[in-house]
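Here is a friendly tour of one protein model, meant to be read with the structure open beside you. Keep the sequence at hand as you go.

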Amino acid sequence: MLQVRNVSGGYDHKLIVKNVSFEVGKGEMLGILGPNGSGKSTLLKVISGILHMAAGEVLIEGKSLRSHSSKELAKKMAVLPQLHSHAFSHSVRDTIALGRYPHQSGLFSSWSDGDETAVVEAMQLTAMERYEHQMLDLLSGGEQQRVFVAQALAQQAPLLLLDEPTNHLDIAHQKQLLDTIKTQAIEKGITIISVFHDINLASLYCDRLLLMDQGEVQVIGAPHEVVKKDQIESVYQARISTNPHPERPKPQITILPDVNEKQNDELITAENFQVTAELVIFQAETQLKTWSSAVINAGSGWYKNFVNRRVDASYACDNVKEEMLEYLADNGFSEADTVGMMTAVKTTDAVIKEYDTPFGSIVIMVTAGVGNAVDVSRTHEVEMLPAIGTINTWIIVNGELSDEAFIQSVITATESKTKALAFEQVKDPRTGTIATGTSTDSVLIAATQKGTHIPYAGPITEIGKKIGLGVYECTVEAIQVYKKAKGWE
């Protein structure tokens, strides 16, 4: 659809954009990224013919940009500039209707059904129908932005150039607008080139990204090829981390500040745990980075309250999460700050131990009920429903764990728990074979993220050795306490 070949251009004979080349296909959405002053908006203006092209060539459907008349170009290309100035006040409808100008002909052109349909559809797509008769200069900046996007859509050109289309918009309208634009690309085959300041939005909605720096193309490719930590940090001169989007295979960035906030440097010890007949509670002074398979707030996050709640073995509830949240709220725990687990064993039988390591220390808590133990390698042989038994394992680390170390800690802890079950000869009652856990086991790793950086936590690392030893010892002791309480010994 569009070919840009070795294009250079700028202002007052000064080259801002230098030797830029790329192609965009029909129905494709390309995002242009780069820091302030990198040439993003200038490139868009050169491509659209607003600025003089000092060198190179732009082809639209194989035809040179220079060979198009203004009206011909407007039929093929709609442009949303970054800033708008309007000397006269027009209604929203009249402003959007200006997008139909390229389709008018002659001195006494009449308004056609096609023109009307295009304007109405553009207002609907941008949710501007209720503002139809309002004056443009009375609208907010975000509302005005949506009017000009509607004007570009009403033009019905196969190529759409947008300079920061989400400028002035709140997140709801950003999503609505980009959903609309992306849908036009998918359903109508419109080719879209858009400048973005927001790297995450560009990555989420665009098929490819072009990253610029100092007027030149640094890299062009799929979002996962462009939004890389080293590349983004180098171009933007800012510390970031990259993470996958929770629903789409698109990378997202998080800014890492260099401001040192006041922190509590006290180490977490076994004395920080409270044990009652109903709960095991650990409350930190500040949020800990956490990974868990808990009932409440499973996955990763930052939390300061950790609750292991005892429920009766006959506990049954249609909505366990809802009931647990009500319980936590009744006991003064905020959902936003709390990780919650359940166990059927006495919480007073919890085993809590502290282990020193070269980097600091870890605290391990285990409650173990093995009446419903299972051999994971044999569960396919029998029909069974989840039953409350549960070995709950907490590992609290005074240190800074990498993402890899969090996952390795879980693996190390699980291997150690399985070894403890084997040592205690805990068997799956359905198969008679050595059990590997229960059907509802949970694990939690939480780290202060202060102090020594810990890149790995496998079984031969210093932290891995202590996790392996600690989880094994605590699980063995907790199982022995459970057996004694059940009269199995």
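What covers the buried residues of α10? The cover includes β14 (279-292), β15 (299-310) and β16 (338-343). This is a predicted model, in which local features need pLDDT of at least 70 and side-chain atom pairs count only at pLDDT 80 or more, while totals for chains, interfaces and linings use all residues. Residues are numbered from 1 along each chain as its sequence is written, and side-chain values use heavy atoms, with hydrogens and water left out.

**Helix α10**
- Helix α10 spans residues 320-330, and its buried residues are M324, Y327 and L328. Buried means under 20% relative accessible area, exposed over 50% and partly exposed in between, with a 1.4 Å probe and protein chains only. Helices (H or I, at least four residues) and strands (E, at least two) are DSSP runs, numbered from the N terminus.
- An α-helix has 3.6 residues a turn, so residues three or four places apart point the same way.

- An open sheet of 6 strands runs in the order β6-β7-β8-β3-β9-β10, with mixed pairing. Its edge strands, β6 (77-80) and β10 (216-221), each pair on one side only. From one strand to the next, the twist averages 15 degrees. Two strands pair if DSSP finds at least two bridges between them.
- In strand β3 (residues 29-33), 5 of 5 residues are buried.
- β3 runs parallel to β8 (residues 191-195), joined by 4 bridges, and G31 stands opposite S194 in β8.
- β3 also pairs with β9 (residues 208-213) in the parallel sense over 4 bridges; there, L33 has L211 as its bridge partner.
- β9 and β10 pair in the antiparallel sense over 5 bridges, with M212 opposite V217 in β10.

**Helices on the sheet**
- α6 packs on the sheet, touching β3, β7 and β8, and its direction makes about 135 degrees with that of β3. Contact means heavy atoms within 4.5 Å. Axes are lines fitted to C-alpha atoms, for helices over the stretch in contact, and angles run from 0 to 180 degrees between N-to-C directions.
- Helix α9 (residues 229-236) lies across β3, β9 and β10, at about 35 degrees to β9.

**Helix α6 itself**
- The buried residues of α6 include L177, L178, I181 and A185, and among the elements covering them are α4 (113-125), α5 (141-154) and α7 (199-205).
- D170 caps the N-terminal end of α6, with a side-chain oxygen 3.1 Å from the backbone nitrogen of A172.
- G189 follows α6 and has a positive phi, near 70 degrees.

**T438**
- T438 sits in strand β22 (residues 437-438) and counts as buried because its relative accessibility is 9%.
- The side chains of T438 and D441 are joined by a polar contact of 2.5 Å. A polar contact is a pair of N or O atoms within 3.5 Å; within protein, one must be able to donate a hydrogen and the other to accept it, and residues adjacent in sequence count only if both atoms are side-chain atoms.
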